[in-house]
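Thanks for making time this morning.

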Amino acid sequence: DNATGKSYNFPRMVGTIGPDVIDIRKLYGQTGYFTYDPGFTSTASCESRITYIDGDNGILLHRGYPIEQLAEKSDYMETCYLLLNGELPNAKQKAEFIAEISTHTMLHEQLQTFLQGFRRDAHPMAIMVGMVGALSAFYSAGLDIGDKKHRMTVALRLIAKMPTIAAMAYKHMMGEPYVYPRNDLSFPENFLHMMFSTPCAPYKVNPVVARACDKIMILHADHEQNQSTSTVRVAGSSLVNPFACIAAGVAALWGPQHGGANEAALRMLEQIGSIDRIPMYLAKAKDKNDPFRLMGFGHRVYKNFDPRGKIIKEVCHEVLEHLGKKNEPLFQLAMELERIALEDDYFVARKLYPNIDFYSGILLHAMGIPVNMFTVIFAMSRCVGWVAQWKEMVESPEWKLSRPRQIYTGAVKRNYVPLRDRLADTVDEKVMVPKSPMVD
C-alpha cells in the first residue's frame with residue numbers, strides 16, 4: 001500500500017481452466033479499501049461448474065462439452081439435462097426427463113385471464129416478465145427451496161412452461177386463440193405448433209425448421225455469468241421465490257445491449273434498407289459523433305469470434321435455402337454487409353465480426369417469427385441456464401446475500417436548512433407544479 005507502506009497477501013484461487021483469481025473477500029477488513037470495477041469486467045462473483053468461456057480463443061463449454069459438439073450431435077432436451085445435472089443422460093434418463101417436462105407444459109387456466117389484462121400492442125417481453133413472475137402465485141404452495149426435489153420441480157416447471165407463455169404472448173399480440181401444448185411433439189415442434197397452429201389450420205411441422213429452432217435453443221441455453229444470469233443470481237441470493245428470480249432475468253435480458261441485440265440487428269438492416277446504402281452506414285458507424293451503431297457485430301466477451309455465430313450462420317443458410325428465401329433482399333443485404341465489414345480494416349482491427357445476434361435475427365425472421373418476439377425466444381431458450389445457475393447458487397456452501405459496494409461521490413454531511421431559509425432560485429417551481437393532470 002503506497003499510502004501506508006504496509007504489505008498484504010491475498011490467496012490465489014485456481015479453477016480447472018481459465019485465469020486464476022485473487023480472493024479479496026478479506027480486503028476491506030485488512031486494508032480498509034474496496035475495489036472499483038464498473039461492469040464487473042475483472043470480478044468473479046461466484047464459483048461455477050456449469051459453463052466456461054474463453055473469449056480470446058472463441059471457446060464455449062457446457063459442463064466441459066464444446067458448444068459445437070452439442071449443436072451438431074445433441075438436442076435441447078439433452079442439453080437441458082446436462083446443464084441441470086452435470087452429465088449427459090443415458091437413454092432411460094433422457095426419456096424420463098422428457099416425460100417429466102411434458103407433465104408441466106400446461107398453464108393454470110386463470111393465467112389466461114391475467115394475460116388478457118395486457119394491451120393488445122404490449123411488447124411480448126413485457127408479457128413474459130409479468131407472466132413468469134405470476135407463476136409464483138400459482139405454483140408456490142408448499143414450496144421449500146431448501147428441498148432438492150422442490151428445486152428440481154421448479155426447474156422442470158420453468159423449462160416446460162416458458163414455450164407455452166411465449167406462444168401465448170404471440171397469440172395475444174395477433175388476436176388469435178391460445179393453442180394448448182401437445183406432448184406427443186418434440187420440444188421445438190410443440191413450440192412451433194403453439195405459435196402457428198389455429199383452430200382452422202393445424203401447423204404442419206417442417207423438420208428443417210424444427211431442427212433449426214432446436215439449435216437456436218441450444219446455442220442460447222447458457223452463457224456463463226452474463227448480465228441476466230448475474231441478475232438471477234443477485235435476486236436469488238435473497239432466497240426470494242425462484243419464479244421471481246427468473247422474471248428478473250427476463251427483464252434484464254430485454255435490453256438492446258443484451259438479449260434484445262438480435263432484434264436491434266434486424267431493425268438496423270431494415271434501417272439500412274438496400275445494399276447501395278451500406279457504405280454510408282459503415283461511415284456512420286465509424287464516426288464517434290454519430291449515434292448509429294453496427295448491431296450484431298463484435299462481442300463483450302469474444303475477442304476473435306463467437307463460436308455460436310459460426311454455427312448459426314450455417315443453420316441460417318440451410319433454412320433459407322430450404323424455404324427458398326436465400327434471394328430475399330433482406331438476406332442479400334445482410335450477407336453483403338457481412339462481406340464488406342469483414343474486409344474493412346476499421347472493423348477487422350477492432351475485431352467487429354458478426355456474432356450470434358446478427359445471424360439469429362435473420363434466421364428467426366425467415367422462420368416467420370416477428371421481430372418483437374426475438375428476445376422472447378432468447379428468454380425461452382436461456383431459462384434452463386438461469387435455473388441451473390440459480391440451483392447451483394442456492395446449493396453452494398459459498399452462498400452469500402449479494403451486496404455490492406460503491407465509491408461515494410455525493411455531498412458530504414451537511415445540516416438541514418428550513419424551507420423559509422432556502423434561496424428561492426434553488427427550486428424550479430415550474431417543475432414542481434404540473435399544469436394539468438396527465439394520463440401516461
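I start with the conventions, then go through cavities, a pocket, a helix and the aromatic pairs.

This is a predicted model, so a word on thresholds: local features need pLDDT of at least 70, side-chain atom pairs count only at pLDDT 80 or more, and totals for chains, interfaces and linings use all residues. Residues are numbered from 1 along each chain as its sequence is written, and side-chain values use heavy atoms, with hydrogens and water left out.

Cavities next. The search works on a 1 Å grid over the protein atoms alone: a cavity is a set of points where a 1.4 Å probe fits but cannot get out, a pocket is an open set with protein on both sides within 12 Å along at least five of seven lines, and lining residues have an atom within 4 Å of a point. Grid points are joined across faces, edges and corners, and a volume is the space filled by probe spheres set on the points.

Over the whole structure, 2 cavities of 30 Å³ or more turn up. The largest cavity holds about 80 Å³. Its lining includes Met106, Leu107, His108 and Glu109, and also Tyr178, Val179, Tyr180 and Pro181. By class that lining has 7 nonpolar, 3 polar and 1 charged residues; here Ala, Val, Leu, Ile, Met, Phe, Trp, Tyr, Cys and Pro count as nonpolar, Asp, Glu, Lys and Arg as charged, and the others, Gly among them, as polar.

The second largest cavity has about 60 Å³. Among the residues lining it are Leu330, Phe331, Ile362, His365 and Ala366. Helices H15 (329-343) and H17 (356-366) each supply at least two residues of this lining, helices being DSSP runs of H or I with at least four residues, numbered from the N terminus. The largest share, 3 residues, comes from H17.

Now the second largest pocket, at about 470 Å³. H18 gives the most, with 4 residues.

H15 has 15 residues and reaches 21 Å from its first C-alpha to its last, close to the expected 21 Å, where the expected span is 1.5 Å times one less than the number of residues. Leu330, Phe331, Leu333 and Ala334 are among its buried residues; buried means under 20% relative accessible area, exposed over 50%, and partly exposed in between, with a 1.4 Å probe and protein chains only. The cover over the buried residues of H15 includes H12, H13, H14, H16 and H17, with contact meaning heavy atoms within 4.5 Å.

Last, the rings. There are 12 aromatic pairs, where rings of Phe, Tyr and Trp (its six-membered ring) pair if their centres lie within 6.5 Å, and planes under 30 degrees apart count as stacked, over 60 as edge-to-face and the rest as tilted. Tyr81 and Phe97 are edge-to-face, 5.5 Å centre to centre with 85° between the planes. Tyr81 lies in H3 and Phe97 in H4, so this pair ties together parts 16 residues apart in sequence. Tyr81 is buried at 13%, and Phe97 is buried at 4%.
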